[in-house]
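Here are my notes for your reading of this model. Keep the structure open as you go through the points.

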Amino acid sequence: MNAHTYFENVAQDWDAMSSRFFSTRIRDFAIGVAGVEKGYLAADIGAGTGFMTEGLVQAGAQVIAVDPSGNMLAELQRKFDGLTAVVTRIIEGDRLPVEDQSVDGVFANMVLHHTEAPSHAIKEMKRILKPGGRLVITDLEKHDHLFLKDEHHDRWMGFYLSDIRHWFRMADFSNIIINAIPGEQCCADSKCGSAQAAVGIFMATGTA
Ligand SMILES: C[S@@+](CC[C@H](N)C(=O)[O-])C[C@H]1O[C@@H](n2cnc3c(N)ncnc32)[C@H](O)[C@@H]1O
């Protein structure tokens with residue numbers, strides 16, 4: 001099974017699963033640092049079933065939620081049914097389905113470690129930001145839990161913060177701040193129960 005099929009298959013269970021992996025404090029940090037307010041236009045990249053979208057809408061934002069998984073987005077649509085503040089778009093290929101310099105903020109929670117080329121993904125996120133707009137990525141610090149690759153189809157085993165800083169610089173971001181989120185860990189048990197992961201979570205932000 002590849003990662004795309006994995007997310008298509010777990011879509012209906014993702015909210016219950018992810019609530020065991022990480023807490024809503026992550027999105028509170030991300031949305032707080034970006035200064036989201038009423039009328040703000042955000043893109044939620046790898047939106048899944050809408051974890052970040054939900055917080056953004058509560059903060060008054062309009063959201064373009066994009067994801068390669070139709071089933072994940074169907075769950076998100078069901079949740080925000082009838083709400084004009086949220087639109088969904090399917091990602092096909094490595095170009096985001098969002099116009100150049102069109103959004104105030106870009107958010108990507110637990111997505112970078114699924115991308116084929118993280119440096120390219122960060123450049124794409126920069127492309128769609130208005131000048132002065134903010135990118136906020138929340139993701140896993142470097143770890144050595146192989147079962148997250150085998151069972152959760154992670155492509156990257158987290159990241160060194162120095163690599164993230166390098167990629168933000170290469171994409172020409174300014175005001176780059178990259179830190180571990182205090183007290184936050186992504187927790188998962190392997191299927192057989194013999195391995196447990198508790199991986200640090202970082203937040204990386206920069207201005208376009
Ligand atoms: C771990 S889930 C996180 C979902 C959501 N952001 C959350 O916090 O619950 C990863 C999501 O990224 C999507 N994804 C996988 N590859 C991607 C890519 N190259 N670009 C954007 N999203 C991707 C998956 O379909 C999945 O919905």
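1. R27 forms a salt bridge with E54, and their closest N and O atoms are 3.8 Å apart. A salt bridge here is a side-chain nitrogen of Lys or Arg within 4 Å of a carboxyl oxygen of Asp or Glu. The pair links distant parts of the chain: R27 sits in helix α3 (residues 25-34) and E54 in helix α4 (residues 51-58), 27 residues apart. Helices (H or I, at least four residues) and strands (E, at least two) are DSSP runs, numbered from the N terminus. R27 is buried, with a relative accessible area of 9%. E54 is partly exposed, at 28%. Buried means under 20% relative accessible area, exposed over 50%, and partly exposed in between (1.4 Å probe, protein chains only).

2. A word on the source. This is a predicted model: local features need pLDDT of at least 70, side-chain atom pairs count only at pLDDT 80 or more, and totals for chains, interfaces and linings use all residues. Residues are numbered from 1 along each chain as its sequence is written, and side-chain values use heavy atoms, leaving out hydrogens and water.

3. The structure holds eight salt bridges. In one of them, the side chains of D15 and K79 meet at 2.8 Å, N to O. D15 is in helix α2 and K79 in helix α5, 64 residues apart. D15 is partly exposed, at 38% relative accessible area. K79 is partly exposed too, at 33%.

4. Now look at helix α6. Seven of its 10 residues are buried. E124 and R127 both lie there, three residues apart, about one turn of the helix. Their side chains meet in a salt bridge (2.8 Å, N to O). E124 counts as buried because its relative accessibility is 8%; R127, at 16%, is buried as well. R95, D100, E124 and R127 are linked in a network of salt bridges.

5. Which side chain of opposite charge is nearest to K126? It is D172, 4.6 Å away. K126 is buried yet has no salt bridge. Lys and Arg count as positive, Asp and Glu as negative; His and the chain ends are not counted.

6. Five bridges join strand β2 (residues 62-67) to strand β3 (residues 86-90), and the two run parallel. Two strands pair if DSSP finds at least two bridges between them. I64 stands opposite V87 in β3.
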